[in-house]
Amino acid sequence: MKKILILGANSYIGTSFHNYLTTKYPGQYQADIVSLRGDAWKALDWSGYDSVMNVTGKAHADISSLTEEQKQEYYAINSDLAVETAKKAIADGAAQYVYFSSIIVYGDSSNSRKPVRITADTEPAPSNFYGDSKWQAEQKLQELFAAEAPTGTRLAILRLPMIYGPGSKGNYPTLSKMARKLPLFPKVDNQRSMLYVENLAECVRLLIEQGIGGIFWPQNREYSNTSQLVALIAKAHGKHIVLVPG
């Protein structure tokens, strides 16, 4: 039985993954959840875990109106805390450390007329401090694991797009609410990379099962147009929404 430690109590992805294992693979995995608030986690013994999953992170909201002090919180949680927990995972002998990064390390293409298709050749180019905090974490973690290679602990980094599913947070529920309330919505020419939360859970399960490291960017095969997505959500709720130029 694989033993998995999930770092991040009340995390949508962490909780969804735990529930996925419990319902789809009962009795096959032991998954424990630990909060990284405070210092109590530092005294815990992480030895014996096949995988330590760090889903803790400070996500972007309205990043345009934050103070410099608030911006530094992103680096403290997304970067510094990630390195600190990785060091503990290595020291305690965990076989694998999984860091949940973001597709935002490639930059924000939401205002771009030219769709950005993420492939193995796409170079990271963060366009704001949120993306930079994730990108810095990735670089520091790779340096750490390169130096600690003899320990055998493997590093897996997942650059996640918009995650959607039951109870999801962020942009998707906002779009869903708009689709159910508004009679009109702007017709925009864009493409968004998205991923269903249970598909993400299965991807992570396979990574843990194989115990491998590397950089991964799981996403739906087809990208989504925001306007078409809103129209489909409205249709699913028995509503009709008119797409207008804007």
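I started with K134, which is buried (under 20% relative accessible area, 1.4 Å probe, protein chains only; over 50% is exposed, in between partly exposed) yet has no salt bridge. I took a salt bridge as a Lys or Arg side-chain nitrogen within 4 Å of a carboxyl oxygen of Asp or Glu. The nearest side chain of opposite charge is E138, 8.1 Å away. I counted Lys and Arg as positive, Asp and Glu as negative, and left out His and the chain ends. K134 lies in helix 3. Its contacts (heavy atoms within 4.5 Å) include N78, Y99 and F100, with residues up to four places away in sequence not counted.

The model is predicted: local features need pLDDT of at least 70, side-chain atom pairs pLDDT 80 or more, while totals for chains, interfaces and linings use all residues. Residues are numbered from 1 along each chain, and side-chain values use heavy atoms, without hydrogens or water.

Next I listed the aromatic pairs and found 8 in the whole structure. Rings of Phe, Tyr and Trp (six-membered ring) pair with centres within 6.5 Å; planes under 30 degrees apart are stacked, over 60 edge-to-face, the rest tilted. W41 and W46 are stacked, at 5.9 Å and 25 degrees. W41 counts as buried because its relative accessibility is 3%. The rings of Y74 and Y130 sit 6.0 Å apart at 80 degrees, so I logged them as edge-to-face. Y74 is in helix 2 and Y130 in helix 3, 56 residues apart. Both Y74 and Y130 are buried.

Technical notes. Helices (H or I, at least four residues) and strands (E, at least two) are DSSP runs, numbered from the N terminus.
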